[in-house]
Amino acid sequence: MSSMWGKNIKISIFGESHGKAIGVVIDGIFPGISLDMKKIKEELQRRAPGKSDFSTPRQEKDEVEILSGYFNEKTTGTSICAIIYNKDQKSKDYEKTKSIMRPSHGDYTGYIKYKGFNDYRGGGHFSGRITASIVFAGAIAKQILNTKNIFIGSHIKGIGNVEDDSFDYVDISKDLLQKLAKESFPVLNDSKREDMKNLILNVKKESNSIGGIIETGIINVPTGIGSPFFDSIESKLSQLLFSIPGIKGVEFGEGFKMSLMTGENGNDEFYIKDEQVKTHTNHNGGILGGISSGMPIVFKVACKPTPSIGKIQRSINIETMKNSKIQIEGRHDPCIVPRVIPVVEAMAALAILDLMMEDHVWRI
């Protein structure tokens, strides 16, 4: 099972949704860094369940315990190992349907790949529960990037057919990104918030779920980070973003809309201001030739509807090899989008930090 990632910053995640604990080992963090544990806790709470009517009622405090790599309130330079204990599992919800493959989950593919030995409770290691460990690792990466004035923030671009405004791709402020991070349901156009919330509550009443889109901005990444082809910013970010359970699409800048443009309309023309090179537009999302251009890096991710819904669905019994039906019980998010935001930002922080270390532009 591939649960390790990284070249300069390396992370290894472990645990299952209904196991004793989940956690992460992080290698490559510089020695001598003070961690703001309050900010790390805030990041974890952004992702934590049981906070609103829009998430699963599962109650997990997501309190992290650092086992190694942090001494006298400083990183030591050795591997950081952190653990988050699971406190509110209800595994019995999964026992009576353990042989019936839940539609659009990893049950069937996991059963085949791991020959039936995978932990099926709550999705096991396939579960979004595991992303709490990633948020911890990303929170550390964020703090390191902040020392270089690099900031990451996101908003909910859309829920179903309700769409928020977009970032100004040319000018995204630190204040805006920090403001969004403090909101439990971040949008740019406040008038869209209630429409989105009502849509989620309506599908929840129908024992259904709905997906959406997250738009993320990264500012002040130095020009020249990344490499063409396999180490491009797009390829590095995409690998991590697609590793998040439920992410089915990623686009940078205008993305698919650029296929409708002409070169004249889609090109980002250069100019110089205060001895700095900038572009009048930023359709490419701050990345040219796989390398940062100095403009804000902007990307969007598409989140699928939560596959665990209360409606009766067609399926199969993998043990009897007969057609069956399933009605999923348990506690599930009617929309995962708000809780996915800190995971997306964590992945982005890890990717950018890893690339900056690769290009030897980092000094600590």
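Trainee: Phe252, buried or exposed?
Mentor: Phe252 has a relative accessible area of 13%, so it is buried (under 20% is buried, over 50% exposed, anything in between partly exposed, with a 1.4 Å probe and protein chains only). Keep in mind that this is a predicted model, where local features need pLDDT of at least 70, side-chain atom pairs need 80 or more, and totals for chains, interfaces and linings use all residues. Residues are numbered from 1 along each chain as its sequence is written, and side-chain values use heavy atoms, without hydrogens or water.

Trainee: And what about Phe299?
Mentor: Phe299 is buried too, at 0%.

Trainee: How many aromatic pairs are there?
Mentor: Three, counting Phe, Tyr and Trp rings (six-membered for Trp) with centres within 6.5 Å; planes under 30 degrees apart are stacked, over 60 edge-to-face, the rest tilted.

Trainee: New topic: at what angle do H6 and H8 pack?
Mentor: About 140°, with the axes 9 Å apart, for H6 (residues 233-241) and H8 (residues 337-358). Axes are fitted to C-alpha atoms over the stretch in contact, and angles run from 0 to 180 degrees between N-to-C directions. The two helices are therefore oblique, since under 35 degrees is roughly parallel, over 145 roughly antiparallel and 65 to 115 roughly perpendicular, with the rest oblique.

Definitions and conventions: Helices (H or I, at least four residues) and strands (E, at least two) are DSSP runs, numbered from the N terminus.
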